[in-house]
Amino acid sequence: MPRPLQEQADPKRVQTGVHFLLGNYALVEGAMSAGCDFFAGYPITPANEISERMSQRLPQVGGQFLQGEDELASIYACAGAALSGAKAMTATASAGFNYMQEGLGYCYTVEAPVVVANVMRTRGDNFATHADIMQLRYGASGDYEAIVVCPSSVQELYDYTIWAFNLAETYRNPVIIASETTIALMRERLHIPQPGAIWLQNRRYTEKTPADYLPFAAKANAAPDMAPLAKGYHTIYSLNPHDEAGRIDWDPDAFERLYKRITGKIRENEPQISRVNRWMMDDADMAIVTYGSEVRPAREAAVLLREEGIKMGVVQLCNVWPVPEGAIREVAGQVGHIFALEMNLGKYVGEIQRVVAGKVPVTGLTKNRGLVHTPWEVVQGVKEGVRK
Amino acid sequence: MSEKNPLRKYLREEKLPHFFCSGCGCGQVLNYFTQALETLQMDVEQMLTIGGVGCTARMPVYLKSDTFHGVHGRTLAWATGVKMHQPEIPIVIFAGDGDLVSIGGNHLIHAARRNLDVTVIMVNNLNFAMTGGQVAPTTPLGSVTMTTPYGNEEPAFDVAQLAMAAGATHVERWTTSRPVQCEQAIRRALQHKGFSLIEIVSQCPTHFGRYALKSGDPGRLLKWIHDNSYPLERAEKMSDAEKQGKLAVGIFRHTPNVQGSVSVSQRKIYHLGDSPLSGKCEVAGAAASAPSALPYPQRLTLSGMGGQGIILASVLLGTAAVTLGGLHAVQTQSYGSEARGGQCQAELIIDREPILSPVAQQKDLLLAMFSEAYHKYISALKPDGILVYDTDMVQPEPRTGPTFGVPATKTAVELGNRLAANMVMLGFLAERFGIISPEQLEQIIVSEVDERFRELDINAARAGVALAKKWHEGGE
């Protein structure tokens with residue numbers, strides 16, 4: 001039986017209360033609250049606690065857990081489960097995410113709603129990094145748009161995982177949770193609300209008969225309605241270009257129409273998808289625009305800078321893809337200088353510069369030393385940036 | 001006008017004619033499959049058929065079923081996900097030899113090992129055909145292909161033996177020259193509960209035929225395949241020389257279920273409490289209100305060696321502070337190889353407000369239970385910060401800040417287990433510095449610690465509290 005389009009979380013899955021919980025566990029609890037009923041993953045640190053807890057939690061609610069023989073098996077098992085009706089999820093870390101790009105490409109094209117947690121880490125060890133921020137968006141071949149959410153705390157790992165499932169179901173698109181060592185292996189206060197306070201979005205199923213059903217026909221900028229699997233709707237879910245009926249079709253008109261729709265449903269809904277958090281922005285002369293755990297030192301740095309008379313504000317991009325362009329443009333209209341803070345040698349700063357388009361200076365504050373910036377490093381970076 | 005073939009009802013009429021080359025075996029296999037459906041009266045519309053990439057992989061696209069298609073080698077991975085979520089959906093996979101045993105080889109052996117309840121029909125045309133006739137893992141030794149112009153130097157996979165070794169419960173091999181046997185084999189596979197592999201050796205007139213066998217004539221190729229195979233039951237009477245370079249055909253294995261294998265689609269449902277591992281969150285407390293005064297110290301490093309329970313101590317302290325004290329806390333720790341033997345540390349920050357930067361440059365308190373750890377972390381302790389050390393394990397340098405030597409290991413040994421030294425320390429910290437109260441500490445031990453160690457740990461914590469009280473009364 002398909003789930004209703006909207007529903008409250010199942011009380012049997014929600015461990016309401018205040019916890020002191022590991023980030024990876026909080027993500028699992030978020031998935032449990034969101035109704036995840038299929039998980040497949042391949043061992044890799046620092047994401048193992050996700051698989052381990054999933055292997056305990058899912059069988060308690062009738063869900064299925066698979067340790068795949070590799071990352072490819074895991075992502076494709078998720079695709080299969082998602083197309084057969086499951087809310088499916090996998091988890092990996094940077095090097096393992098490389099392998100999953102192939103399967104993600106399939107999910108984008110056939111519009112399979114899967115959630116992928118990528119706990120970003122350095123090559124070969126568990127040091128924290130934001131080095132994957134572009135491969136999260138551009139890794140697979142083909143034309144598509146990614147949705148990537150960036151939690152900055154254990155609480156947000158829980159909250160954003162529910163958000164990720166809701167987005168995946170709404171847009172029938174893979175959604176990636178860009179976790180990172182900093183928060184994944186951190187224990188922190190987590191408040192899990194009452195199940196009645198958690199609203200879940202589910203994919204829309206067709207009301208049409210098989211004779212009238214077109215599996216990939218959709219309203220402009222929307223996901224198509226799904227049909228139950230193996231119930232007479234004879235749909236072809238092919239990576240190859242296909243028309244609205246699902247027929248493999250290399251007619252350029254047909255496949256450009258497909259690619260325009262699967263990118264359009266994300267691009268055109270960017271304002272609906274995007275969320276930002278703002279601190280100390282009301283009177284700010286400058287702003288740090290950042291994502292993930294870098295939000296934490298950014299907020300401390302802003303306080304320190306204000307003590308020295310520099311009116312700094314902070315903007316957290318809760319999703320980095322699609323780029324929250326409206327919000328970034330608004331910041332550019334408000335302050336005289338933007339600092340893009342990230343834990344790599346300068347990647348997302350290019351996106352911010354693209355959106356700001358020279359209106360105000362955008363300075364990248366970079367670090368790739370396995371640790372989140374300290375507030376003092378941010379303060380120093382800002383001061384140097386202002387002097388230039 | 002001739003009557004319409006009744007088997008066309010299983011096909012997507014609008015997709016015809018199909019794209020296979022003239023004389024290709026894929027059309028024959030599609031025919032055998034639809035014949036088997038007809039005989040068994042199975043409804044193709046209630047099935048999922050899967051094809052990866054390649055000539056054979058295109059077969060399901062002509063069937064009036066739901067179909068996954070277009071990714072090379074991942075057919076069984078898809079099927080695993082579907083079968084685990086909806087075990088009742090019948091799944092048939094059409095895969096070429098390249099798709100199934102070259103790029104998809106790992107998935108094949110694992111699906112067979114799991115006895116995944118699917119039917120795999122592998123059309124083995126002995127080469128990569130769709131890409132233009134390159135060598136495959138199934139290409140016979142010595143064959144000339146587009147990438148073995150001097151002859152194939154690698155031996156070929158015996159796919160049926162491979163699948164059996166991995167645990168497949170139903171394995172047959174036939175050739176397109178044996179139509180009746182092929183149709184019967186597919187029928188047996190469709191009725192089999194568990195992993196079935198039907199390998200059908202097939203002619204490829206466009207590539208393998210022309211390059212390796214120097215003929216594009218389907219009839220001659222069919223005869224070559226037939227002549228280079230022999231029925232399994234005749235094997236015993238044949239010499240090794242007679243069998244050389246030829247493939248046995250027949251039913252290799254047909255068992256309802258091999259002992260010891262469990263189909264992934266038959267997994268049990270477990271209930272809360274069934275697992276010997278804890279599936280609960282660490283203590284769900286009501287949101288207690290935070291005390292008005294900040295506890296001191298706020299930034300702690302707990303350090304020692306692997307096995308002393310340093311991490312557990314930090315988790316208990318943080319859990320009590322958050323769930324019982326209404327505070328915020330952030331705990332980070334050494335992990336990986338560092339946490340397995342050698343020195344280890346956990347860092348804990350406790351505050352009334354949410355904690356931002358997770359790493360404190362300067363610590364208010366260092367707990368040192370191991371000499372190496374003391375030397376590593378003492379530099380991050382503020383000059384006026386508090387040092388608490390285990391008198392049996394650490395000999396600190398003289399310093400001006402407050403310093404407390406606690407005989408934690410000695411006390412734990414007296415209580416019967418040196419592993420309880422961490423709890424002695426927690427008792428001391430709770431009583432002396434009030435981060436959490438001794439009552440909260442006991443409460444958290446009761447809810448979090450394994451029953452076997454509970455009594456010991458509570459006694460150790462109480463001993464730590466007593467040591468701290470003695471300190472209040474006038475030193476060590």
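The legends below describe views of a predicted model, starting with chain A and then turning to its contact with chain B.

View 1. Chain A holds 13 helices and 17 strands. Its radius of gyration is 21 Å, close to the 21 Å that the globule rule gives for 388 residues, so chain A is as compact as a globular protein of that length. The C-alpha trace of chain A spans about 70 × 50 × 40 Å along its principal axes.

**View 2. Burial and contacts within chain A.** Of the 388 residues in chain A, 60% are buried. Counting contacts in chain A between residues at least 6 apart in sequence, 77% join residues at least 24 apart.

**View 3. Contact between chains A and B.** Chain A contributes 62 residues to the contact and chain B contributes 59 residues. On the side of chain B that touches chain A, at least two residues each come from β2 (66-69), α2 (75-85), α4 (105-113), α10 (310-324) and β10 (328-333) of chain B. The largest share of this side, 8 residues, is supplied by α2(B). Sorted by class, the side of chain B that touches chain A comprises 28 nonpolar, 25 polar and 6 charged residues.

**View 4. Strand pairing between β9 of chain A and β10(B).** Strand β9 (residues 187-192) of chain A and β10(B) run antiparallel and are joined by 2 bridges. In this pairing, A:Glu188 stands opposite B:Val330, a residue in β10(B). Strand β10 (328-333) of chain B is also among the elements that each supply at least two residues of the side touching chain A.

Methods. Residues numbered from 1 in each chain as written. Chains lettered and ligands numbered in written order. Predicted model: local features only at pLDDT ≥ 70, side-chain atom pairs only at ≥ 80, totals over all residues. Helix = DSSP H or I, 4+ residues; strand = E, 2+ residues; numbered from the N terminus. Rg over C-alpha atoms; globule rule 2.2 N^0.38 Å. Buried ≥ 20, exposed ≤ 12 C-beta atoms within 10 Å, placed from the backbone. Contact = placed C-beta atoms within 7 Å. Nonpolar A, V, L, I, M, F, W, Y, C, P; charged D, E, K, R; others polar. Pairing = 2+ DSSP bridges.
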